Structure formats: structure tokens, C-alpha cells
Amino acid sequence: IAEATQTRAPSPLLEVLAARAAAALGREIAVTLAPATPALALAIGELCLEQSEHRAAIAMLRDAVRDPALASEAYRLLAEAHADEPEEALRALDHAGRSGPILARRAALVLDLGDPVRARADAIEALSELADGRDVRASALAMTTLADAQEEQSIPSGDTLASARLLARRAGDLAILARVDALDATRALSRGELGAASAILERVRGPLGVALREHVELLRACKPAPPPTGASVARLVRRARAAASIARDGSRAEVAGASIGLEKRPILRRLLEAFVTARVQQPGLPLAVSDLFAAGWPGERVPPNVQSDRVHASLQALRDLGLRGYIVTLTGGWALDPDRAFQVT
């Protein structure tokens with residue numbers, strides 16, 4: 001209808017409507033419209049944003065903010081156009097008012113910029129504004145940000161995360177649900193639970209899932225992770241660093257808040273060093289009795305039953321010192337648990 005009317009009475013607004021119809025039908029469109037009024041600039045800017053033409057959208061929306069009646073919506077859209085520039089997006093939202101949805105978006109941006117205290121306050125205010133339950137998506141975003149900010153401040157967030165998951169499912173927003181899963185996986189990683197984190201991250205799609213799955217594999221191999229480029233991903237990766245650590249030469253370990261020193265116990269130190277080396281080179285590779293005996297008692301020649309007795313007694317000693325949850329029995333021998341994260345120092 002817009003296209004037919006356009007042939008008789010050309011109008012920029014009809015051109016926008018025709019472009020919207022084309023986009024809805026899945027046809028390629030070229031955004032080459034010129035605004036005649038702030039209202040038309042807003043309509044064109046929104047269309048550009050839908051077509052991921054962010055530069056063009058920004059130019060149009062800056063025209064639209066000149067009209068006080070349109071300014072709030074134009075600034076909200078301007079923040080979306082600046083999705084890859086959180087500082088600019090936050091500046092736009094500062095002019096968009098303090099409605100519940102805007103506060104929810106603002107809280108997420110503030111957290112990405114490294115201020116969990118302010119983000120938590122904005123998220124709580126957003127949830128208060130959204131208490132009528134009409135905007136489930138904004139509530140899901142605010143609740144997810146609140147859980148994220150709580151984790152950043154070492155505040156228990158289990159119940160908040162469960163509420164965020166419920167809201168994200170009600171809203172049907174897969175992006176927010178992916179963020180909830182990523183936060184849940186990060187909590188598992190901070191406890192050193194690589195297997196649990198991997199299972200959760202199988203549900204996370206897109207760049208966030210890729211980045212965190214790569215991080216899990218680096219933790220599994222005890223390799224340092226390069227700093228991610230995205231602010232939110234970088235924050236999650238930083239939080240997911242393993243709390244436990246074992247020296248590469250086996251001389252010491254820090255696990256479950258306890259310090260284990262093996263400098264004066266050379267046999268146990270060499271055994272732990274062998275475990276760490278195997279973990280770094282081939283995570284999950286078990287060391288047999290013969291491997292461990294060669295590492296702990298280099299050059300000694302004794303019968304197989306003596307080797308086995310010495311190795312079992314030494315493994316029991318390592319476990320009793322605090323490594324019980326780290327040294328596990330696998331088919332073919334023993335290894336540092338491949339599903340437990342720790343740093344090699």
C-alpha cells in the first residue's frame with residue numbers, strides 16, 4: 001500500500017514505511033533517506049538500527065533529539081546504536097529519563113564500565129519501577145545485572161540468579177538467558193568445577209559462549225587466558241580464575257584456603273611435580289605406578305610390589321595433606337582431577 005501510494009503522492013514517511021515492509025518481507029533495502037523533520041529522523045534512525053546501519057542511525061537520531069517530545073525515545077535508540085561504545089551509550093541514556101527499562105539498560109552498562117556498586121543500585125531501582133510486571137524483558141535484564149553485580153561484590157547471588165533465569169524464560173529472551181547461564185558457569189568456575197561449567201556453557205551461544213568455553217579449556221590445561229576484548233566477557237573471565245594454585249615444581253600448593261608446603265618432603269614434591277607436568281602437557285592423562293615411582297624415586301630398582309606400596313603410601317600422604325579432592329583415580333593410574341581448575345605458579 002505504501003509503495004502504491006508513493007507513486008501518486010511521494011512522501012518521505014511513506015518511503016520509510018515501504019522500506020519497513022520490504023525489511024519485514026526479508027528483502028534487502030538501502031537506507032538512503034533524508035529526514036525532513038525530527039519525527040522522520042526518528043523513524044529513519046530506528047529503521048537504520050534494525051538494519052544494523054549504526055553510523056547512519058546515530059546521524060539520524062542526533063537530529064531527532066532536537067524535538068523535546070521525541071528526545072527520550074531518540075536517546076534510548078541512540079544508546080542501542082552505540083552498543084559497542086558503552087561510554088557513549090551511557091551518555092545517551094543519561095538524557096533518556098529514568099523509566100524502568102532505561103534504568104535496567106543503564107545498570108548493565110554501568111557494570112560493564114566497572115562500577116558494580118552503582119550498577120547494583122540502578123538495577124534495584126529498575127526492578128522497583130518494573131514491579132507492575134508488564135515489561136518482563138527489562139525485569140530479566142535488571143535481575144541478571146543485579147546477580148552479576150552481587151557476584152562482583154562477593155555477595156551471595158544464587159536466589160537472584162534463579163529469579164533472573166525465570167524472568168528470562170518468561171520473556172523468551174535467549175540473549176539474557178545466555179548471560180544467566182554464563183554467570184552460572186562462572187560461579188562453577190570460581191569453585192574450580194570445570195565439568196559443571198562445561199555442561200552449562202553448552203547452552204550458551206554466540207561470542208560469549210565461545211569465549212567462556214575457550215577459557216574453560218585453558219583452565220583445564222592450566223594455561224593463562226589472554227584478556228578478552230569485550231568488557232563484560234573480560235569481567236566474567238577475570239572472576240572465573242581458579243582460587244587454588246600448585247607450584248610447577250610441586251614445592252607448594254594453596255587449596256581450599258590451606259597452604260601445603262613440600263620443600264622438606266622431596267619424594268612428595270617430585271610426585272606432585274610429575275602430576276602438574278602431566279596436567280599441563282596432557283590434561284586427564286593418568287600416571288601409572290611405574291611412572292610415579294620413576295618420578296619419586298629416580299634411579300632406584302625395587303620389585304613391582306615394593307614400587308606399588310611406596311606409591312600408594314605417598315599418594316595417601318599427599319591426600320591427607322589437603323590434596324584429596326585433587327588427586328583422583330582414573331583408569332590406568334592417577335591424575336590431578338581434569339575437571340578441577342587450579343593455577344600453576
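Trainee: Where does I124 lie, and what makes that place a helix?

Mentor: I124 lies in helix α8, which covers residues 116–129, and a helix here is a DSSP run of H or I with at least four residues, while a strand is a run of E with at least two, both being numbered from the N terminus. This is a predicted model, in which local features need pLDDT of at least 70 and side-chain atom pairs count only at pLDDT 80 or more, whereas totals for chains, interfaces and linings use all residues. Residues are numbered from 1 along each chain as its sequence is written, and side-chain values use heavy atoms, with hydrogens and water left out.

Trainee: Why is I124 called partly exposed?

Mentor: Buried means under 20% relative accessible area, exposed means over 50%, and partly exposed lies in between, with a 1.4 Å probe and protein chains only. The relative accessible area of I124 is 43%, so I124 is partly exposed. The C-alpha atom of I124 is also separated by 8.8 Å from that of A104, a residue 20 places away along the chain.

Trainee: How do you know whether H82 is buried or exposed, and which residues does H82 touch?

Mentor: H82 sits in the loop between α5 (68–81) and α6, and because its relative accessibility is 3%, H82 counts as buried. Contact means heavy atoms within 4.5 Å, and if residues up to four places away in sequence are not counted, H82 touches R55, I58, R62, E88 and A89.

Trainee: What makes α6 roughly antiparallel to α7?

Mentor: Two packed helices are described by the angle between their axes and the distance between the axes. The axes are lines fitted to C-alpha atoms, for helices over the stretch in contact, and the angle between N-to-C directions runs from 0 to 180 degrees. The axes of α6 (residues 86–94) and α7 (residues 100–112) come within 10 Å and cross at roughly 150 degrees. Angles under 35 degrees count as roughly parallel, over 145 as roughly antiparallel, 65 to 115 as roughly perpendicular, and the rest as oblique, and the angle of this pair therefore makes α6 roughly antiparallel to α7.

Trainee: Which residues make that contact, and how many of them count as nonpolar?

Mentor: P86, A89, L90, L93 and D94 of α6 meet I102, R105, R106, L109 and V110 of α7. Ala, Val, Leu, Ile, Met, Phe, Trp, Tyr, Cys and Pro count as nonpolar, Asp, Glu, Lys and Arg as charged, and the others, Gly among them, as polar. By these classes, the contact of α6 with α7 has seven nonpolar, no polar and three charged residues.

Trainee: Why is α5 also called roughly antiparallel to α6?

Mentor: The axes of α5 and α6 come within 8 Å and cross at roughly 170 degrees, and this angle is why α5 is roughly antiparallel to α6. The contact is made by Y75, R76, L78 and A79 on the α5 side and by A89, A92 and L93 on the α6 side, which gives six nonpolar, no polar and one charged residues.

Trainee: What makes α11 roughly parallel to α13?

Mentor: Helix α11 (residues 174–190) packs with α13 at an angle of about 15 degrees, the axes being 11 Å apart, and because of that angle α11 is roughly parallel to α13. In this pair A178, R179, A182 and L189 of α11 meet L208, L212, H215, V216 and L219 of α13, and by class the contact has seven nonpolar, one polar and one charged residues.

Trainee: How do you know that the buried residues of α16 line one face of the helix?

Mentor: In α16 (residues 289–296), L292, F293 and G296 are buried. Seen down the axis of α16, these buried residues fall within an arc of 100 degrees, so they line one face of the helix, where the arc is that of the directions from the helix axis to the C-beta atoms. The buried residues of α16 pack against α15 (266–281), α17 (304–323) and β5 (333–336).

Trainee: Why is S154 called exposed, and what is its phi?

Mentor: S154 has a relative accessible area of 68%, and therefore S154 is exposed; its place is in the loop between α9 (136–152) and α10 (158–171). The phi of S154 is near 60 degrees, a positive value in a residue other than glycine. Most residues other than glycine have a negative phi.
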